[in-house]
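Please keep the structure open while reading.

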Amino acid sequence: MELAIEARDLRKTYPPDVTALDGLSLSVAAGTIFGLLGPNGAGKSTTVRVLSTLSRPDSGSARVAGIDVLAAPVRVRHAIGVVGQKHGSDPEATGRENLVLQGEFYGITGRELKQRVAASLERFGLADAADRRVKTYSGGMQRRLDIAMGLLHRPRVLFLDEPTTGLDPEARVSMWREIERLAGEELMTILLTTHHLEEADKLASQLAIIDRGRVVVEGTPERLKNDLKGDAIQIELADRQGAVARVALERVTEIGEIKLEGRTLRARAQDGGAAIPAVLAALDAHGVRAASVTLARPSLDDVYLRYAGRAFQQAQTEPEEVAA
Amino acid sequence: MTPLRQSWQVTMRGIRVFLRNPAYLAMTLTQPIIWLLLFGALFKAVIRIPGFHGGSYIDFLTPGIIVMLAVSSAGWTGMGLIEDIHGGVMDRLLVAPVWRGALNAGNVAYAALMIVIQTVLIVLLALALGANYTGGVGGVLVLILVAALLGAAFASLSNGVAMLARQREALIGAVTMVLLPLTFLSTALMQESLVPGWIRTLAKFNPVNWAVEAGRSAAMQKIDWGLVGSRVGLLVVLTLACGTFATRAFTKYQQSL
């Protein structure tokens with residue numbers, strides 16, 4: 001298997017003592033969409049910055065498109081395209097001007113550049129707006145321009161750092177279609193970071209879940225979900241009786257992997273439907289009142305909970321790390 | 001070739017913004033007029049000071065005002081980079097295989113171009129007010145050159161500070177802190193023999209004064225080639241040093257990411 005991205009034991013600390021990467025390792029096969037999934041501050045953007053030569057790790061090594069990012073950053077820059085979290089386009093320039101500037105910086109000039117820019121505007125549905133200033137573009141149009149700019153020099157590896165953040169649902173779905181088309185038509189490797197579980201599930205053929213600067217689990221979305229074996233049961237308690245409820249549920253043989261967060265209890269069961277009566281009976285016997293019980297097929301949220309040891313939503317709102 | 005092409009692209013970016021924003025355009029063009037008229041009115045009496053022998057007030061003040069305006073305009077150059085950093089443009093530029101020097105040089109060339117435009121405006125306006133360019137067209141060209149060189153040096157400094165500090169407030173602080181002292185520690189607004197001795201001593205090391213002396217000598221007086229040559233030489237060295245500093249600041253910025 002040819003590897004498009006290979007990262008070994010990347011570490012990076014921001015002063016005073018924020019650990020952004022804590023021994024992160026990754027392998028991405030050429031020609032695939034790889035999803036890097038994690039809450040804000042997990043280290044996704046730092047990973048992209050290091051792999052795209054924008055910043056240097058404190059230690060560790062990485063190769064992108066077969067080139068060492070630390071030893072030959074300029075060669076890596078020629079081989080990669082980067083679509084950052086923020087808009088990278090110049091709002092005062094038109095779409096066409098942005099693309100021309102981008103092409104010039106990658107050494108594409110003259111007629112070749114003109115043709116590529118025109119084709120790119122056409123392809124991303126920006127031909128009509130090509131000569132309007134970018135500050136008049138909608139969020140979706142700006143994002144398409146960002147991607148057009150990242151692709152203009154035909155990179156072998158494309159980094160998409162949270163490509164749908166800030167887009168409305170409609171624009172998000174059309175962006176997903178665009179990314180799928182990219183992977184299908186061009187033989188390109190895409191590293192996609194996201195904190196949308198749904199997005200990772202839909203787009204990526206391979207996933208790594210990262211938390212606190214390291215990969216906690218890696219695999220195909222299907223495999224990760226199958227590994228969980230069984231259904232997720234979620235119980236909302238009526239009162240603050242988490243500890244008691246936990247003790248009660250630990251005696252129920254039908255369920256396992258009980259996790260408590262505030263008033264929410266989560267557990268896994270081979271057959272969720274059959275386990276619920278036993279769960280309710282056990283809670284009742286300990287005088288615990290359940291406000292609601294839900295049963296769900298495993299989702300990536302459950303995968304995340306299992307490997308990162310906390311629910312995605314909760315990790316998302318923890319303020320301990322900077323979202324840099 | 002490529003570094004030049006890339007720098008030119010960056011310069012073009014600035015020129016486009018300039019041409020497309022009427023308010024910005026209007027401000028850039030009216031600023032020289034206001035400065036010349038205000039300073040001219042304020043310092044009109046300078047020629048009546050005993051010991052003053054600089055000719056008419058407009059002859060004396062024009063080079064000083066040109067140089068002041070050059071430093072002031074150039075000082076804000078880094079603002080564009082701070083915008084780029086906050087807007088995400090900078091990161092996109094830095095992951096491209098573009099020469100870091102072009103990101104500075106292109107901006108500096110744009111700043112120098114603006115200064116040349118403003119300088120030409122002041123020169124013409126002063127002419128209308130009765131300035132007497134003893135040095136002729138050649139002398140005026142030297143005046144424009146020193147203004148552009150000094151402006152280029154300060155534009156680089158501004159870019160460097162912007163990349164290191166990344167905060168508008170820090171750049172505003174730096175510009176305001178530097179601008180007035182450098183102007184007042186020079187002969188921009190007052191004849192050398194009339195300023196206190198300690199200012200005269202400090203002025204020898206002040207780039208603003210190098211530009212004022214060279215520009216005034218070339219355009220307004222009987223040209224002193226030794227003076228002009230040495231001051232232009234110093235300004236060239238300063239411009240290159242500041243350019244190097246700014247280019248390194250881009251690397252420094254990246255190291256902090």
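Which residue in the turn of the hairpin formed by E9(A) and E10(A) has a positive phi? That residue is A:Arg212, with a phi of about 50 degrees. The model is predicted. Chain A is divided into domain 1, spanning 3-225, and domain 2, spanning 229-297.

**Domain layout**
- The centres of domain 1 and domain 2 of chain A, taken over C-alpha atoms, are separated by 41 Å.

**Strand E9 and its partners**
- E9(A) pairs in the parallel sense with strand E3 (residues 33-37) of chain A over 4 bridges; A:Leu207 is the bridge partner of A:Gly35.
- E9(A) also runs antiparallel to strand E10 (residues 214-219) of chain A, joined by 5 bridges.
- The bridge partner of A:Asp211 in E10(A) is A:Arg214, and the hairpin has 2 residues between E9(A) and E10(A).

**The four-stranded sheet**
- In chain A, 4 strands form an open, antiparallel sheet in the order E12-E13-E11-E14.
- Strands E12 (255-261) and E14 (290-296) of chain A are at the edges with a single partner strand each, so one side of each has no neighbour in the sheet.
- From one strand to the next, the twist averages 20 degrees.
- Strands E11 (residues 231-237) and E13 (residues 264-269) of chain A pair antiparallel over 6 bridges, with A:Glu236 opposite A:Thr264.

**The helix across the sheet**
- Helix H10 (residues 272-285) of chain A lies across E11, E12, E13 and E14 of chain A.
- H10 of chain A runs at about 160 degrees to E14(A).

How values were computed
Residues numbered from 1 in each chain as written. Chains lettered and ligands numbered in written order. Predicted model: local features only at pLDDT ≥ 70, side-chain atom pairs only at ≥ 80, totals over all residues. Pairing = 2+ DSSP bridges. Domains from an automatic or database assignment. Axes fitted to C-alpha atoms, helices over the stretch in contact; angles between N-to-C directions. Contact = placed C-beta atoms within 7 Å.
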